[in-house]
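Hi everyone, thanks for having me. Let's walk through one protein chain together, starting with a term we will need along the way.

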Amino acid sequence: MDSPVDITVENGISGRGDVFLFKIKGYLDAETTLSLETKLEETFKLNPKHFVFDLSELEYISSAGVGTCLGALEDIQARNGTLRLAGLKENTRHVFELLGFLKIVTDHATAQEALGKVPPP
């Protein structure tokens with residue numbers, strides 16, 4: 001990996017142009033959250049509604065990373081959309097739990113499971 005975080009974005013999952021899958025790999029902390037913020041800003045220009053963050057390859061997240069996810073959630077909810085997390089590892093799950101994020105967002109074992117739970121259009 002060239003940088004501490006690698007983010008890929010997929011659209012058109014299951015024929016739905018309003019669903020975006022973010023695959024976030026590596027480390028999401030104060031130094032790397034700008035990468036996620038930039039991808040989100042680019043994606044918001046495409047009028048998205050539903051997001052799945054696949055975190056199965058996320059090795060570390062700081063409170064700054066969770067804060068960026070919270071900001072994304074607020075923007076997504078302002079558009080009447082949803083955010084689902086997928087593939088949390090024990091160490092990253094612990095951070096999300098400590099900061100109360102899992103009380104306000106749904107998490108799933110896999111990205112495929114999360115995508116299957118996206119509300120219909």
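This is a predicted model: local features need pLDDT of at least 70, side-chain atom pairs count only at pLDDT 80 or more; totals for chains, interfaces and linings use all residues.

Now the overall picture. The chain has four helices and six strands. Reading from the N terminus, the order is β-β-α-β-β-α-β-α-β-α. How does the radius of gyration compare with that of a compact globule? For 121 residues, a compact globule would come out near 14 Å, and the chain has 13 Å, which agrees. Along the principal axes, the C-alpha atoms fill a box of roughly 35 × 25 × 25 Å.

If you take the contacts between residues at least 6 apart in sequence, 66% of them join residues at least 24 apart.

Next, the charges. How many salt bridges does the structure hold? There are four, and I'd like to show you some of them.

Let's begin with K23 and E10, whose side chains meet with N to O at 3.0 Å. K23 sits in strand β2, residues 19–28, and E10 in strand β1, residues 5–11, so this pair ties together parts that are 13 residues apart in sequence. K23 is partly exposed at 27%, and E10 is partly exposed too, at 31%.

Now back to our friend E59, which forms a salt bridge with K89, the closest N and O atoms being 2.7 Å apart. Here E59 belongs to strand β4, residues 58–61, while K89 is in the loop between β5 and α3, so the bridge ties together parts that are 30 residues apart in sequence. K89 has a relative accessibility of 28%, so K89 counts as partly exposed.

One more: R93 pairs with D107, with the closest N and O atoms 2.6 Å apart. This bridge links distant parts of the chain, with R93 in helix α3 and D107 in strand β6, 14 residues apart. R93 is partly exposed at 26%, and D107 is partly exposed at 24%.

Technical notes: Residues are numbered from 1 along each chain as its sequence is written. Side-chain values use heavy atoms; hydrogens and water are left out. Helices (H or I, at least four residues) and strands (E, at least two) are DSSP runs, numbered from the N terminus. The radius of gyration is taken over C-alpha atoms; the globule rule is 2.2 Å times the number of residues to the power 0.38. Contact means heavy atoms within 4.5 Å. Buried means under 20% relative accessible area, exposed over 50%, partly exposed in between (1.4 Å probe, protein chains only).
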